[in-house]
Structure formats: C-alpha cells, structure tokens
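Here is a short briefing to read alongside the model.

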Amino acid sequence: MTVPATADVAVVGGGIAGAAACIALHGRGQRVLWIAPDRAAETPVGESLAPAAGTVLAQLGVAHLLDGDGHRPANATFSAWGTDALVERNAAVHLAGPGRVLDRARFEAGLRELALAHAEHRSSALADARTVSGIWRLALADGSQAAARFLVDASGRAATLGRRVAGHRRDDRLVAACAFLPHRDPGVQPTPATLIEAVGDGWWYAALLPDGRLSLACFSDPDLLPRGLSRDPGAWQTLIGGTAYIARWIGDAGFGVEAPPRLYSAGTTWLDPVAGSVDGAGWAAIGDAAAAFDPLSSHGMTTALWTAERIGEAVPAWLAGDRQPLDGYTRAVADGVTAFRTQRAALYAGERRFAGRPFWRRGAAPAAVGSAVCLLRILAGKGPGREVERPP
Ligand SMILES: Cc1cc2nc3c(=O)[nH]c(=O)nc-3n(C[C@H](O)[C@H](O)[C@H](O)COP(=O)(O)OP(=O)(O)OC[C@H]3O[C@@H](n4cnc5c(N)ncnc54)[C@H](O)[C@@H]3O)c2cc1C
C-alpha cells in the first residue's frame, strides 16, 4: 500500500538543531513537519557560543538573534589546566571575533518562534517510525500519525531514530553536575569571565551569565562523583571546596551555593553513519543526535546549527535524486568527529599533574584515530592560553 506523504521532511526534536533545521529546510522550499514536544520541563545547559556560530547564524538568516541585550561577548577565558597557574585566552584576538555567553533560554525561544513560522508543528514526541514504499510512517506519542519522505533526527543525545538505523558509538561516560548560582553580594561586581579548572577527578567550568548568575559545572565520571550528589547540598559544597580558583571566585564574588546540582550526560558520542536510507526512505541525524562532544570544546550549539544548515541543502538535493550533498554531509561529520577525538585526547594528555588518576588516564587514552580535517575549523575551545598573574 502506498502512503501519501504529508510533508517532504519531518524534523524530530525541539532543541537548537531541530529549530534551525526547520528554518533551513523551509528556506529551500521544503514542506516541513516539526515533531517537537514542549521544552518547558527541560533546562538546557551550556551557554558559551563559539565565534564560528555567527557565520552559521548568518547563513541561516537569523544572525539578529544575537543582537540586543541578554547575551554578552565572551572575551576572556581563564584556565588552570596542566599548570597550577591561571592562564588567559583572550577571544578578542579570534579571527571571527569573540563568541557569546548566551541567555540560552532567550536564544532558544527566538529560534523556536522562527521555526514555528516555518513548519507545521506537532507538540508531541515521536513514538515509532517505519518505512512503507519509501515513505516514513510516523506514530506520535499523542496517538496521531504522520508521513514524510525524509526524516531528520534532531532528538539530541537520545538519537531516537539514529540508534535504530546506525551504529551508536561512545568514547567515555563523562557526566556534568550543573547548577546556577545566584549573586548574593551587591557590593561586588563579578568579573565577566569564564573559568576552567582541572582537578584530580575531572574539571570545572564557571561562566558569569548575562543575568548575573554563575553557571557552574563539574565534569567527571559517574563512579568518581559522590553518591547522591544531586540530592545533597553538603556534598556539592564539599566538592566545590576541593577546587582552588573556582571556590575562590564563588566566595570572593559573593555567589550563593544553595541547591544541589542536576546531572547531565556529557560524554562524546556519535552515530556511524549520520545519514542514509532505509528501504528507500532517507534519514539524517543532526546536532547532538549526530555527534555530541565533550563540552570542553564549546562545540555543541555551533555543531547543532552547522549540521542543520548543511542538512537544509542536502535533503532537498537527496529528494530530487542527487545523493552527493548528503554523502558529503556524512563524510564531513565523520571527519569532524575524528578531528575532535584527536584534539580532545591531546588536550586531556596535556594535563600531567593528575596523570595517575583514573579520570585523566581514561580521558587521555589515545583515540584510535589519525589526523583529520576539523568539523568547523574555527571553533573556540575552552582550552589553555596565555598566563596571567591574577585570578578573575
Ligand atoms: C553540561 C553541558 C554543558 C554544555 N556547554 C556547552 C557550551 O558551553 N557551548 C555549547 O555550544 N554547547 C554546550 N553543550 C552542548 C549543547 O548544549 C548541545 O550540543 C546542544 O544543546 C545540542 O542541541 P540539539 O538540538 O542537538 O539537542 P537537544 O538540545 O538535546 O534537543 C533535543 C530535543 O529533542 C527532544 N526529543 C528527544 N527524543 C524525542 C522524540 N522521540 N520525539 C521528539 N523529540 C524528542 C528532547 O526532549 C530535546 O528537547 C553543553 C552540554 C552539556 C551537557
């Protein structure tokens, strides 16, 4: 039986990748169905937007989303990584200009509003996807059904479709304990900086958000974090107390450590391959569903935008019978993953102070990869830079 397609392309997932894909695909004349449940219950973490994102946003025609108040330039990153000293990387020297520390909720809301104007929207999760005669038949969690000629998996680390139709690979089991600390001391103006600090069981990230809170995250392996951390403010306080610069910044600037952190998966995972076809029906994964990187890179949001933009070109071509752009996309992501894993292993190996500790032994284990082209070349990482005399 032939099933009529109700859309050219169905996009699954309401994060940055899914929203950007709707915009990109509609811009190339596609009828898009966006399967994206409400995100209100989710708290997306990560706000450092790499300088390269500006170019991709311009290609998508949404560069104005970075305008106005609410996002601030990410000029300075300080890190204690591989050395006890604090080292500065000043993003002002970056060719693409500084990145941004986003008001992420506002950025995502802007992207979502544009996507809603470009796609038919279903506020429900994808429950099942099958192919019949080259068409995807989709069953949604709310009981409704849909059909499309091409399926884009933008479901984040869940990789709802991708895990079923491609190999799912992972390098590590990195987790992040994340909290947003309110600023409690009106007498102190906190430095607008980002701070990275390596410790024996992992590394920390702290960034001053545009709204004055401190975004704080501890990255480690599940077996190395205190049990019950997400319910135990005391354990969180103790963990913070084990840092040098992070604890000092929190104390000196007057941030309050109150609620315990929430835990997030943060490991490096990817699909192999990231696109293809099932019984003649096309599919592709984008964003974290395609490749989720260790957040040390600050790659995630830019990769979500970049993959969405690329798929906006590749899918219409594929539907018109030209498979080359989709093959090129598949190769580009695979090359990017290879390059990222090489760079990540080198960066972790650069931290020698804790070389005998399990976290650093695992992280620095050489990835079974060679040299390769960087996915985006220009992405600003959070790694080491120039030494400075004072902490932020
Ligand atoms: C601790 C941490 C810090 C980070 N810091 C940064 C940073 O500083 N800078 C940066 O650039 N990146 C950072 N990242 C990465 C960045 O947040 C992600 O790369 C980015 O959110 C990926 O966007 P996405 O749209 O691909 O996926 P997501 O944001 O995960 O969105 C996927 C959506 O799909 C939905 N979904 C899942 N299954 C289904 C289904 N069956 N049907 C429909 N919808 C479904 C999910 O509910 C979700 O809403 C960080 C990540 C972590 C964990």
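In this predicted model, a backbone N or O atom of Val 45 lies 3.2 Å from an oxygen atom of the ligand.

**Backbone contacts to the ligand**
- At Leu 126, a backbone N or O atom lies 2.9 Å from a nitrogen atom of the ligand.
- On its own the ligand has 1000 Å² of accessible area, and the protein covers 88% of that.

**The shell around the ligand**
- There are 33 residues around the ligand, and those that come nearest are Arg 39, Glu 42, Ser 48, Arg 104 and Asp 288.
- Sorted by class, the shell holds 14 nonpolar, 13 polar and 6 charged residues.
- At least two shell residues come from each of helix 1 (16-27), strand 13 (175-181), helix 7 (287-290) and helix 8 (300-319).

**A look at Ser 220**
- You will find Ser 220 in strand 16, which spans residues 214-220.
- Is Ser 220 buried or exposed? Ser 220 counts as buried because its relative accessibility is 2%, and the cut-off for buried is under 20%.
- A polar atom of the Ser 220 side chain lies 2.5 Å from the backbone oxygen of Asp 201.
- Beyond its neighbours within four places in sequence, Ser 220 is in contact with Arg 173, Leu 174, Val 175, Asp 201, Leu 225 and Phe 359.

Technical notes
Residues numbered from 1 in each chain as written. Predicted model: local features only at pLDDT ≥ 70, side-chain atom pairs only at ≥ 80, totals over all residues. Heavy atoms only, no water. Near = heavy atom within 4 Å. Polar contact = N/O pair within 3.5 Å; in protein donor to acceptor, adjacent residues only side chain to side chain. Areas by Shrake-Rupley, 256 points an atom, 1.4 Å probe, with all protein chains shown as cover. Helix = DSSP H or I, 4+ residues; strand = E, 2+ residues; numbered from the N terminus. Nonpolar A, V, L, I, M, F, W, Y, C, P; charged D, E, K, R; others polar. Buried < 20%, exposed > 50% of the residue type's maximum accessible area, 1.4 Å probe, protein only. Contact = heavy atoms within 4.5 Å.
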